[in-house]
Amino acid sequence: MNNNEWHWYATVICWKKKDSYTAGDWSDLTMRQLNKDDIIKQYEESGKIMYEATLSGDYKANNREGAKMTRIFKRLEKDSDLAHACIAELLESDNVVVRTKAAAYRLALEINILEAERILQEIRDNPENRIFGFNAGMVLKVWKKDGKLSIYQKKDNNWLYLEVENGSKKRGVL
């Protein structure tokens with residue numbers, strides 16, 4: 001963004017992105033306490049909500065549950081034993097959202113890539129999966145194009161965040 005694009009915000013509060021969780025997120029302590037059963041339960045609950053939210057167009061519920069899953073994924077990135085155990089069980093889920101996420105996590109963590117690709121292809125090719133099959137196909141497309149998969153955008157401390165009076169946030173490069 002150039003300076004001309006910033007000037008119309010009458011009152012802004014500027015801050016740099018912090019390395020800690022926001023008040024609304026789970027704390028590190030809570031994340032450390034999650035075990036395999038807790039993670040599986042949370043993924044099944046979030047997957048069910050995301051499935052219904054996608055079909056009904058409730059993007060807020062979908063995004064909220066997706067954020068929960070991403071926070072857990074960040075925990076799995078740090079504990080490969082837990083990741084292997086959880087992802088193997090999540091791949092057996094009846095929920096297409098959970099299976100797609102689990103297969104994507106395998107790609108991102110580079111765990112059993114061929115099986116992850118096979119599962120995503122099955123989801124993509126099943127006409128009953130509709131939009132969820134499309135999602136699985138997009139994961140595969142990005143994986144094959146880039147040779148890697150990122151589940152979330154890595155923190156970049158060079159971003160400047162602006163909060164305008166109505167609470168919305170805008171970002172630009174420092």
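**Close-up views of a predicted helical model**

**View 1. The second largest pocket holds about 390 Å³ of space.** In this predicted model, local features require pLDDT of at least 70 and side-chain atom pairs count only at pLDDT 80 or more, whereas totals for chains, interfaces and linings use all residues. Residues are numbered from 1 along each chain as its sequence is written, and side-chain values use heavy atoms, with hydrogens and water left out. A pocket is an open set of points on a 1 Å grid over the protein atoms alone, where a 1.4 Å probe fits, with protein on both sides within 12 Å along at least five of seven lines; lining residues have an atom within 4 Å of a point. The volume is the space filled by probe spheres set on the points, which are joined across faces, edges and corners. Among the 18 lining residues, Thr100, Lys101, Ala104, Asn135 and Val139 are the closest to the pocket centre.

**View 2. Helices α3 (36-56), α4 (59-78), α6 (96-109) and α8 each give two or more residues to the lining of the second largest pocket.** Helices are DSSP runs (H or I, at least four residues), numbered from the N terminus. The largest share of this lining, six residues, is from α6. By class, the lining has eleven nonpolar, six polar and one charged residue; Ala, Val, Leu, Ile, Met, Phe, Trp, Tyr, Cys and Pro count as nonpolar, Asp, Glu, Lys and Arg as charged, and the others, Gly among them, as polar.

**View 3. Helix α5 (residues 80-90) packs on α6 at about 145°, with the axes 8 Å apart.** Axes are lines fitted to C-alpha atoms over the stretch in contact, and angles run from 0 to 180 degrees between N-to-C directions. Ala83, Ile87, Ala88 and Leu90 of α5 meet Val98, Arg99, Ala102, Tyr105, Arg106 and Leu109 of α6, contact meaning heavy atoms within 4.5 Å. Eight of these residues are nonpolar, none polar and two charged.

**View 4. The axes of α7 (residues 113-125) and α8 (residues 130-146) come within 7 Å and cross at roughly 145°.** Residues in this contact include Ile113 and Leu120 of α7 and Phe132 and Trp143 of α8. The contact comprises eight nonpolar, three polar and three charged residues.
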